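Please keep the sequence and the model in view while reading.

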Amino acid sequence: MMASVRAELARLARWPTAWVLCGTWLLLNLLFGYLFNYLSYRSNDGGGFAEPGASPAILLAQMMPENAPVTMVQGMPMFGGALVLILGAVAIGSGYGWGTWKTVFTTGPRRLVAIGGTLGALGIVLAGLVVVTFGLDLLASYGIAVAESQPVTWPGLPEVAQGLGAALLICGMWLAAGVLLGTLARGPALAVGLGLVWSLVVENLLRGVAGLLGPLERLTDVLPGTAAGSLVGALGALPQSDPNGTPGVTTTIGGTAAVVLLGAYLLAFVVGTMVLTARRDVTS
Amino acid sequence: MSDDIVVTHHLTKRYGDRLAVDGVSLTVRRGEVYGFLGPNGAGKTTTLRLLLGLVRPTSGGATVLGHPPGSPAALSRVGALVEGPGFYPYLSGRENLRVLARYAGLDRVAVEAALEQVDLTDRAADRFKSYSLGMKQRLGVAAALLGESDLLVLDEPTNGLDPAGMADMRDLIRAVADSGQTVLLSSHLLGEVQQICDRVGVISAGRLLTENTVADLRGQESLLVRADPLPAAEAVAGRVLGTDRVSRVDGALRLSAGAERAAELTRALVLADVAVREIRPQARTLEEVFFEMTEVS
C-alpha cells in the first residue's frame with residue numbers, strides 16, 4: 001500500500017491542476033476570511049461583504065488569532081468543499097480519460113491497493129492543505145491584530161485540534177464524494193459538474209422547498225452540506241442567517257450528530273469507490 | 001513449471017447482446033512469440049484485457065503463468081501494453097515510468113534500462129503530451145518492459161511507428177523472445193506477424209478460427225515456372241517431380257517442390273530446349289491465408 005501512496009504522491013505533486021485547486025482554496029480562504037472582512041471593517045460601514053447590520057466589533061473579533069480555527073473552517077461547507085470535491089473528481093476521473101488506471105492495474109498492485117494508494121495520497125495532500133490554511137490564517141489574523149493594536153491571544157490547543165479535525169472531516173467528506181463521482185462517471189467532466197450542481201445548487205434548492213414539504217425537511221437535515229455546515233456552526237461560526245454569518249454555515253443539527261453524519265458519508269463514499277473499482281471492468 | 005504460459009478455456013465475454021469474445025480456447029507456450037491476428041473489432045483487445053484481468057469473463061476461464069488473470073502473482077510477471085499507451089500527460093516519459101516503477105516496487109535503474117531498450121532516453125525528460133504517436137507507443141512498450149517479466153503482452157505495438165520504428169520494434173520483440181521471454185503479440189499487420197511470430201491464433205467475430213505455426217498456416221513452399229513452350233515444360237517437370245506435383249496456374253506452372261529443386265529443374269528444362277523465363281520459390285503469404293480464413297468465416 002505504501003508503494004502505491006508514494007507513487008500517487010509523486011504524480012500528484014507534479015500535477016498543475018492540484019496546485020491550482022489548492023492555491024485557489026488558499027486564496028479564497030484569505031480573501032473571504034480576512035481581506036474582504038478587514039476592508040469592510042476598515043470602511044466602517046458594515047457593508048462590503050457583510051450583511052447590512054453586521055457589527056464591526058464582531059467582524060474584528062472573527063479575524064483575531066484566537067478565532068483562527070473557526071475562521072479556517074467557515075468557508076469549507078461551501079466553496080472549500082466544492083474545490084476539494086473537484087480535486088477528488090479530477091484526480092480519479094482523469095485517470096480513466098488518460099488510460100492511466102488501465103496502465104496501473106496491469107503494473108502489478110491489486111486494484112484496491114492502487115485506489116487505496118490514491119485515497120491515501122489525496123488524504124495526505126488534504127492534511128497538508130488544511131495545515132497550510134491554518135498557518136496562513138494565523139499569520140493573517142496576527143497581522144490584523146497588530147495593525148489594529150488588538151491584544152494577540154492565540155487559540156488554545158483544544159480549539160486548534162477541533163478546528164483541524166473539523167476541517168479534515170468536512171473536506172475529507174467532500175473529497176471522497178468527488179472521488180466516488182469520478183469513479184462512477186469514469187471521467188472528470190461529468191463528475192465535477194454533478195458534484196458542483198449538488199453541493200452548490202441542489203442542496204440549497206432542497207432546503208428552500210423543505211419549508212413547504214414537511215418530509216423533505218427531515219431529508220435536508222441529513223444532507224452532506226447540512227452536516228458540514230452544522231459542524232462549523234457547532235464550533236462557533238455564525239450561521240448564514242446572521243448578518244455576520246457565512247454562507248453554508250448552519251445550526252440545523254448538533255455538533256456530535258454532524259460528526260457522526262460526516263463520518264458516515266465519508267465511509268460510504270470510500271467504500272462505494274472501493275467496491276466500484278474492484279468490481280467493474282476497465283474498458284478505457 | 002508448465003510450458004503453457006497462457007491457457008484459456010472457452011473464454012467468453014458478452015457486452016449486452018454482443019459477443020465480443022466467443023468461446024476462445026488458446027495456448028501460448030513458453031519462449032514463443034505468439035501472434036494474435038484478427039481484423040479490427042474481432043475481439044483481440046478484449047481477449048487481452050481478459051488475460052490481464054481488466055475485464056472479467058462472462059463464462060469460461062484462463063490461467064496466466066498458472067495464476068488467475070489479473071492476480072498480483074500473475075501481473076508481477078507480466079508486462080503489458082493494451083490498446084494504446086495510457087500515461088499522465090503532464091509528466092515526462094521518465095517521470096511516468098518512475099511512477100509505474102514505484103507501483104511495481106522497482107528502482108530507477110529499471111526505468112533507465114527500459115528507456116534505453118526503446119531508444120527513448122534522449123526525449124525522456126520531455127512531457128508525455130509533447131510526444132509524437134510513435135514516441136508514445138515506444139513509451140508504452142518501455143512500461144511493459146519494466147522489470148523482469150516472463151510474459152510480454154503487446155497490443156498493436158507498432159501503431160503509429162514509422163517504417164524504421166517498426167523494424168526497430170520487430171528487432172526488439174525478437175530480442176525479447178531470444179532472451180527467453182514469451183511474447184503475446186496482437187496485430188492486424190500480417191507482414192509484421194509473419195516476420196516475427198512462431199505461432200499464430202486467428203480470431204474473427206470473437207471466435208478463434210485456427211491456432212498453428214506460421215509455417216504450417218502458409219503451407220508447403222512451391223516453385224513458380226514461366227517457360228516456352230509451356231506443354232514441353234510441363235512434360236519435363238512431370239518427369240522430374242511426378243505429374244501429380246505439377247499444375248498450371250495463370251499461364252505458368254506451379255510445382256510442389258522446394259527451392260532446393262530449382263537448379264535441377266532448370267537444367268532439365270534447358271536440356272529439353274525449353275526457354276526458362278522465370279523460376280522462383282513461392283509460398284502463400286500469411287495475408288492470403290488470413291483473408292481466406294476470415295472471408296470464409
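**From a strand to an interface**

Strand 11 of chain B, residues 222-228, is mostly covered, with five of its seven residues buried. Strands here are DSSP runs of E of at least two residues, helices are runs of H or I of at least four residues, and both are numbered from the N terminus. Buried denotes under 20% relative accessible area, exposed over 50%, and partly exposed the range in between (1.4 Å probe, protein chains only). The model is predicted: local features need pLDDT of at least 70, side-chain atom pairs count only at pLDDT 80 or more, and totals for chains, interfaces and linings use all residues. Residues are numbered from 1 along each chain as its sequence is written, chains are lettered from A and ligands numbered from 1 in the order in which they are written, and side-chain values use heavy atoms, leaving out hydrogens and water.

Which strands pair with strand 11 of chain B? Pairing requires that DSSP find at least two bridges between two strands. Strand 14 of chain B (residues 275-282) runs antiparallel to strand 11 and is joined to it by seven bridges; there, B:Gln282 stands opposite B:Ser222. Strand 13 of chain B (residues 252-255) is also antiparallel to strand 11, with three bridges between them, and B:Leu255 in strand 13 is the bridge partner of B:Leu223.

Chain B as a whole contains eleven helices and 14 strands. Its C-alpha trace spans about 75 × 45 × 35 Å along the principal axes, and 49% of its 297 residues count as buried. Of the contacts in chain B (heavy atoms within 4.5 Å) with a separation of 6 or more, 66% are between residues 24 or more positions apart.

The discussion now turns to the interface. There, 32 residues of chain A are in contact with 28 residues of chain B. The area buried between the two chains is about 2,600 Å², of which carbon and sulfur atoms give 59%; this is the accessible area (1.4 Å probe) that two parts lose on being put together, summed over both. Two salt bridges are found across the interface of chain A and chain B, the criterion being a side-chain nitrogen of Lys or Arg within 4 Å of a carboxyl oxygen of Asp or Glu. A salt bridge links A:Arg14 with B:Glu95, whose closest N and O atoms are 3.3 Å apart. On the side of chain A that touches chain B, the elements giving two or more residues are helix 1 (2-13), helix 6 (100-105), helix 7 (111-147) and helix 12 (255-279) of chain A. Helix 1 of chain A gives the most, with seven residues.
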